[in-house]
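Hi everyone, thanks for coming along. Please have a look at the chain on the screen, and then I'll walk you through a few places in it.

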Amino acid sequence: MTTVSAAPAQRHHYDAIVIGAGLGGLLSAATVAKAGGSVLVLERLPYVGGRFTTVQQDGCEITTGALHMVPHGSGGVLAKLLRSLGLPFTPVPRSVYASFFLDGKHFIWKRRVDLFGILGLKASIDLLKILFQMHFIRYLGHHESFLDWLHKQSDEQIVLKLFERFSHFALSIRPDQLSYEEMRAVLRSVFHYGFPEIPVGGCKPIVEGLGAFIASRGGRVLLSTQATGILFDEQLGRVCGVRYRDRHTGEVQTAFTRRIISNAGPKATAALLDGAPAGVASVPAPFTAAAGLKLHIVSEKSLIPHNSIMFCLDTQRISGIVEVSRAVPSLVPPGMHMLDTFQVMMNDDVAMERELALRDLRYVFGSDFDRHCRVVRTSAFRRAWPVNHVIQGEDPDDQEPVPGLVMVGDGYKPTGHIMVEGVAASVQSIAHTLTQP
Ligand SMILES: Cc1cc2nc3c(=O)[nH]c(=O)nc-3n(C[C@H](O)[C@H](O)[C@H](O)COP(=O)(O)OP(=O)(O)OC[C@H]3O[C@@H](n4cnc5c(N)ncnc54)[C@H](O)[C@@H]3O)c2cc1C
């Protein structure tokens, strides 16, 4: 952290400076702009949206992270926050709840009751008992992992696999990595807010809509511009500005503010505060990130007959596949189809994880995979570009660890709020501080 001893000249002064134009940064900046505040957004990449947008490759639009899914669709926190800004959230109607691939067969879950037919009698009873208990038992009195608790409730393999693959796909962690209480909070969010939906046009129109909203309210969004240090005013005892560098020209500038919102994640923000004077709080960053692997597949043939998640219950690695082009046809050239697979990375060996994914794809789609499909990109999400900066349930509560420095994003998800709903909820929980003069 760079320190200054006196209040700087009023040049380049903003009500708020946002580091990072991911979904969290954009939602924050839009909230400031809507309240009439001046805001500067710094983004080191040449586009907005972070891990919630697409980039072009081979004539296709490939996601930078998310599989376009908004976990609770039009009922969730993200949709609500967008609506409060006057921005639309228009979902593509879901054709089924989900489907399950098991024992070489593909079961479609179209009506709620279909689930019981798919599971069979004993597993259905176990599932109902589990959901009933999770609805009513809030706290076990000790921090038992969800997996340990689950094993005591059922020995039905299909029930265990169902929860395992939900944890892998929806949270990008193993079910032993989160507590019973957190899984309970997550499932209650599903029942309270609703099932996933894909917005019309996918994730990109949402972040571009936010960028346009900020600009229309006089906000400045600087792309290819990296925040390189956070300034601290020792007299005031709070942050007071950001130093940043244009990645094309190398030019370094400084902008001043009383409020910095960091969307860069705990580790990167802690690095910006490097060298903090003794006695000044720092951003705690010893958290575990969620890592995952995604294969982007282009196919001449449609392989999943719906626009929701196909959970893979007995594959080695892949936990779910979405034929994203069913909901967002513009991702691929006419007549083509795009499938995104997702798996938790069980180790750091990307080649091995990819190989296991390919074996899974041959198991699920048979000869159609080699005949019709091409993997256009394999993306490992870890370290500085993970699935979540902090695994579900371990997010720190303190969103203002240094006076004037507010943290948002998927390292600060409130309990029970997952993925982009967690990002939106992290903004919602500090929104009142963004609208103060
Ligand atoms: C493979 C995968 C699949 C996923 N699937 C889904 C899904 O289907 N549904 C869902 O809800 N979520 C999903 N997620 C999670 C979701 O994508 C993320 O939680 C969310 O996009 C994170 O948003 P954010 O704003 O917190 O962070 P980011 O999107 O990472 O934004 C942070 C921004 O800060 C910028 N930045 C960092 N440091 C600096 C600096 N020093 N100066 C300037 N800029 C800086 C970065 O470039 C980035 O643009 C998935 C993630 C992955 C990786």
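Let me begin with a definition: two strands pair if DSSP finds at least two bridges between them. Helices (H or I, at least four residues) and strands (E, at least two) are DSSP runs, numbered from the N terminus. Please keep in mind that this is a predicted model, where local features need pLDDT of at least 70 and side-chain atom pairs count only at pLDDT 80 or more, while totals for chains, interfaces and linings use all residues. Residues are numbered from 1 along each chain as its sequence is written, and side-chain values use heavy atoms, with hydrogens and water left out.

So, to the strands. I17 stands opposite L40 in β4. The strands β3 (residues 16-19) and β4 are paired in the parallel sense, over four bridges. To get from β3 to β4, the chain passes through helix α1 (residues 23-34), and this β-α-β crossover is right-handed. By right-handed I mean that, with the strands pointing away from the viewer, the path from the first strand over the helix to the second runs clockwise.

β4 has another partner: strand β9 (residues 220-222) pairs with β4 in the parallel sense over three bridges. There, V221 in β9 is the bridge partner of V41.

Which way do the side chains of β4 point? V39 and V41 point one way from β4 (residues 39-42), L40 and L42 point the other way, and all are buried. Buried here means under 20% relative accessible area, exposed means over 50%, and partly exposed is in between, using a 1.4 Å probe and protein chains only. In a regular strand the side chains alternate between the two faces of the sheet.

Now let's turn to a helix. In α2 (residues 77-84), the buried residues are V77, L78, A79, L81 and L82. Their cover includes α1, α7 (180-193), α8 and α13. After α2 comes G86, with a positive phi near 85 degrees.

Contact, for me, means heavy atoms within 4.5 Å. A salt bridge is a side-chain nitrogen of Lys or Arg within 4 Å of a carboxyl oxygen of Asp or Glu.

How many salt bridges does the structure hold? There are 18 salt bridges. Here is one of them: E61 and K204 form a salt bridge, with their closest N and O atoms 3.6 Å apart. This pair links distant parts of the chain, since E61 is in strand β6 (residues 60-63) and K204 in helix α8 (residues 204-216), 143 residues apart. E61 counts as buried at 15% relative accessibility, whereas K204, at 24%, counts as partly exposed.

Next comes R317, which forms a salt bridge with E353, the closest N and O atoms being 2.9 Å apart. R317 lies in the loop between β15 (309-312) and β16 (320-322), and E353 in helix α11 (residues 350-365), so the pair ties together parts that are 36 residues apart in sequence. R317 is buried with a relative accessible area of 15%, and E353 is buried with 0%.

E323 and R326 also meet through their side chains in a salt bridge, at 3.4 Å from N to O. E323 is buried, with a relative accessible area of 1%, while R326 is partly exposed at 39%. And K122, D126 and D155 are linked in a network of salt bridges.

My last stop is T341, found in strand β17 (residues 337-344). Is T341 buried or exposed? T341 counts as buried because its relative accessibility is 0%. Setting aside neighbours within four places in sequence, T341 is in contact with residues including L293, I318, I321 and L361. The C-alpha atoms of T341 and A357 are separated by 8.3 Å, and the two residues are 16 residues apart along the chain.
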